[in-house]
Amino acid sequence: MTYKSLMHRLLLAVCLVFASMAVNAQDAVDLDAGKSLFQANCASCHAKDMKSKLTGPALGGVEERWSAYPREDLYSWIRNSQAMISTGHPKAKELWAEWGPVVMTNFLNLKDQDIENILGYIDGVYTGTYGAKPAAAGGETAAVAEAPKDNTALFAILALTLAALALVLARIMSNLNYINELKAGNMDARRRTLKEVVTSRGVVGFLVFALLVLGGYTTVNNAISLGRQQGYAPEQPIKFSHATHAGLQKIDCQYCHDGARRSKQSVIPASNTCMNCHKAIKVGSQYGTAELTKIFASAGYDPNTDKYFDADTMSNEDLERIYKKWIADTQVSSGGSLDEEKIESEWQGVVDALTDPATGDNNIYGPIEWVRIHNLPDHAYFNHAQHVTVGKVACQTCHGPVEEMEVVYQYSPLSMGWCVNCHRETEVKFADNDYYKSYHLYHKQIQTGERTKVTVEDIGGLECQKCHY
């Protein structure tokens, strides 16, 4: 019947409308996600103020500069700039003429929505609508971050509206079918009830199909994200500021994490490493005695006498007496009045940092139980020395601008795709590197001009056994 066919078309139309809503829901730009993606993929070459030139051009206004071309061209440029240059795209050739021979990294893993999030974040920073507001006339700074709009309620209302509209139209179709049956001479015809319409084979089949698609998408998406913790920033037992040490004081990463240059692990520095400096610097610039006293207790150091002691022979009462005296004397010598509450609070901080209540053991021991941030699966092999010493990879490439982090967080996704893309794109530093002397053919090809570069992929960086064996 004509109306039955129309009913099926109506269900198909409703399906397409809901699919369109799902796409539009994804199209909502997430500026916070764009910020994370920018930091992970773009910040190493492009200035974060979006107005200054760095290794790459200033990104502010990039959408306007590409406005004469289809949006897809900008996507293609971001994913694989060299491919666009080779096709002779006018804008790509213009940028290459200005910035060549600096090659932009490929980002084949970025989806359209990821790129839109990045572009939204870039525009927000460039125009000042995202992040810290510019200083006010009176010199005051209003550091207000504009949160991305949450359209969940709007989409829910639209979904309910469309569902109600679908029911009304289904009812109309049922009545039209009934009238058509009567006109055709079928006196036994009857109107279908709303329950019959809702439980019809077509509606049930559509709902089952929609649930399968949604369930499959959710399962796959959650499986891909399993174990990934980009942005993870746990609270540590000691408030250690990388911005102060690596940023302000310019301490090299490998001074503390000295394992990075010679072993698989970068290693967490022992408190003795901290004491190399803090035997002289006994009061912190930011936290005073609160955090450094934890270091002293961990290392078995008495700041009052400037001597080390055997922690195994000291009871908690002995340690409490030593460090409460140190905290109190520092307060007085700094021109402050004796604050018993502060002394007690700082001592309790030492106890909390160096004991584990879960074990029921309240004795203070030396090791500091730092909370691990970066953690690869057991089946993935990664060697710091191979990347830092042999590959000459900067720490910031994977860990981001640690020198700007007050609290360290996981900067990169550390996913397999992220590592593979890096191996595809990263140029091996052959010059004056004894580790690559055995690659005679590549050296010869570079000298003759047959080859301009060698990537990690060329020397086997994509072989499964390199990371999984």
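1. G391 first. Setting aside neighbours within four places in sequence, G391 is in contact with Q386, K429 and Y436 (contact: heavy atoms within 4.5 Å). The residue sits in the loop between α17 (384-390) and α18. Helices here are DSSP runs of H or I with at least four residues, numbered from the N terminus.

2. Basis of the values. This is a predicted model, with residues numbered from 1 along each chain as its sequence is written. Local features need pLDDT of at least 70 and side-chain atom pairs pLDDT 80 or more, while totals for chains, interfaces and linings use all residues, and side-chain values use heavy atoms, without hydrogens and water.

3. E403. This residue lies in the loop between α18 (395-399) and α19 (416-425). How exposed is E403? E403 counts as partly exposed because its relative accessibility is 26%. The classes are: buried under 20% relative accessible area, exposed over 50%, partly exposed in between, with a 1.4 Å probe and protein chains only. Beyond neighbours within four places in sequence, E403 is in contact with H242, A243, A246, G247 and Q396. With Q396 there is a side-chain to side-chain polar contact of 3.1 Å. A polar contact is a pair of N or O atoms within 3.5 Å; within protein, one must be able to donate a hydrogen and the other to accept it, and residues adjacent in sequence count only if both atoms are side-chain atoms.

4. Q445. Helix α20 (residues 440-448) holds Q445. Its relative accessible area is 12%, so Q445 is buried. Leaving out neighbours within four places in sequence, Q445 is in contact with E450 and R451. The side chains of Q445 and R451 are joined by a polar contact of 2.9 Å.

5. Aromatic pairs. A pair of aromatic rings is described by the distance of the centres and the angle of the planes. Rings of Phe, Tyr and Trp (its six-membered ring) pair if their centres lie within 6.5 Å; planes under 30 degrees apart count as stacked, over 60 as edge-to-face and the rest as tilted. By this rule the model has 13 aromatic pairs. One of them is F38 with Y121: the centres are 5.5 Å apart and the planes at 55°, so the pair is tilted. This pair links distant parts of the chain, with F38 in helix α2 (residues 31-41) and Y121 in helix α7 (residues 112-127), 83 residues apart. Both F38 and Y121 are buried. F430 and Y436 form a stacked pair, at 5.2 Å centre to centre and 5° between the planes. F430 and Y436 are both buried. Y436 is also among the contacts of G391. Separately, F296, Y301, Y308 and W326 make up one aromatic cluster.

6. Salt bridges. Side chains of opposite charge can pair when their charged atoms come close. The criterion is a side-chain nitrogen of Lys or Arg within 4 Å of a carboxyl oxygen of Asp or Glu. The structure holds 16 salt bridges. In one of them, R79 pairs with D112, with the closest N and O atoms 2.4 Å apart. R79 lies in helix α4 (residues 71-79) and D112 in helix α7, so the pair ties together parts that are 33 residues apart in sequence. D112 is partly exposed, at 38% relative accessibility. E63, R71 and E116 are linked in a network of salt bridges.

7. Further salt bridges. K437 and D434 form a salt bridge, the closest N and O atoms being 3.2 Å apart. Both K437 and D434 are exposed. E463 and K466 form another, at 2.9 Å between the closest N and O atoms. E463 is partly exposed, with a relative accessible area of 43%. K466 is partly exposed too, at 38% relative accessibility.

8. Surface patch. Which residues make the nonpolar surface patch of about 300 Å²? V168, I172, L176 and I179 do. Patch residues have over 30% relative accessible area and no salt bridge; like charges are joined within 9 Å, nonpolar side chains (Val, Leu, Ile, Met, Phe, Trp, Tyr) within 5 Å. Areas come from the Shrake-Rupley method with a 1.4 Å probe, and for residues only the protein chains shown count as cover. I179 lies in helix α8 (residues 152-183). At a relative accessible area of 40%, I179 is partly exposed.

Key: Helices (H or I, at least four residues) and strands (E, at least two) are DSSP runs, numbered from the N terminus.
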